[in-house]
Amino acid sequence: MKIATFNINDINKRLQNLLAWLGKASPDVVSLQELKTEQRSFPAYALQNLGYKAIWHGERSWNGVAILARDCEPVLTRSELPGNPDDRQARYIEAAVNGVLITSLYLPNGNPQPGPKFEYKLAWFERLIAHADGLIKAGVPVVLGGDYNVVPTVQDIYPTRSLDKNALIQPESRRAYARLLSQGWTDSLRALQPKGPLWTFWDYKRERWPADKGMRLDHLLLAPDLAARLTGGGVDKWVRGEENASDHAPTWIDLDL
């Protein structure tokens, strides 16, 4: 099973980019983030023409998450992260696909920090940690995929001091990610490539894409029973270089199921 996560950064604006990548890469399952479209405007028909059925949680102008499955129907298990019934932001969705539980999560950015946006980020992270702990303890085969808006370590970002105050690299953000991993999750891309750059995001600003000044924000975490089935993975960097591209590139893994 080939499983990918991709922050599409406006699915209708970049639909042709998405369709071109799907046609070339042929993933079995895709977690999408930052749809930036309301529920009724999701391009389900265009995806169906490529053989992908979808579930999604849209939000007008902002956020939005989806899960696509090729030649099968993803079975919705959850459309929001538990822990705060007043939180209406479309940042989490979960589905069963061929016996594996797949998530698409879009963790809050948290900038500027300090401030309420960073506090929301950390509170959302705590809810994710609590929910993920329940999944681990249930022994469910889970791929916890999405845009975490966290650069886990210094090797996951190009050398710079210009982002020292950015919420993505704050000690609190990194500690929360480390606590999540400590439950037993495997950071699949780092398991495959322990050292060196694994950029998944290049800012539109300051020519960071041409200069390859990127960072790793998009992660696919594996529950223990799936970690042993990891056979490959990578980042489809070429997608970031296409016209009208998202500022993220698709990140993917192969599991021998």
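A residue is called buried if its relative accessible area is under 20%, and exposed if that area is over 50%. Keep in mind that this is a predicted model.

**Exercise 1.** Work out whether Asn 7 is buried or exposed, and find what surrounds it.

*Solution.* 
- Step 1: Locate the residue. Asn 7 belongs to strand β1, which covers residues 2-7.
- Step 2: Apply the cut-off. The relative accessibility of Asn 7 is 1%, so this residue counts as buried.
- Step 3: List the surroundings. Beyond its neighbours within four places in sequence, Asn 7 is in contact with Gln 33, Glu 34, Tyr 106, Asp 147, Asp 218, Ser 246 and His 248.
- Step 4: Look at one of these partners, Asp 147. Its side chain and that of Asn 7 are joined by a polar contact of 2.9 Å.

**Exercise 2.** Find which strands stand at the edges of the open six-stranded sheet.

*Solution.* 
- Step 1: Write down the strand order, which is β5-β6-β7-β8-β10-β9, with mixed pairing.
- Step 2: Read off the ends. β5 (75-78) and β9 (186-187) each have a single partner strand, so one side of each lacks a neighbour in the sheet.

**Exercise 3.** Describe how β7 and β8 pair, and which helices lie across β8.

*Solution.* 
- Step 1: Strands β7 (residues 100-106) and β8 (residues 142-147) pair in the parallel sense, over six bridges.
- Step 2: Pick out a facing pair: Val 143 in β8 stands opposite Ile 102.
- Step 3: Helix α3 (residues 116-138) lies across β5, β6, β7 and β8, at about 20 degrees to β6. Helix α4 (residues 171-181) lies across β8, β9 and β10, at about 25 degrees to β10.

Terms used:
Residues numbered from 1 in each chain as written. Predicted model: local features only at pLDDT ≥ 70, side-chain atom pairs only at ≥ 80, totals over all residues. Heavy atoms only, no water. Helix = DSSP H or I, 4+ residues; strand = E, 2+ residues; numbered from the N terminus. Buried < 20%, exposed > 50% of the residue type's maximum accessible area, 1.4 Å probe, protein only. Polar contact = N/O pair within 3.5 Å; in protein donor to acceptor, adjacent residues only side chain to side chain. Contact = heavy atoms within 4.5 Å. Pairing = 2+ DSSP bridges. Axes fitted to C-alpha atoms, helices over the stretch in contact; angles between N-to-C directions.
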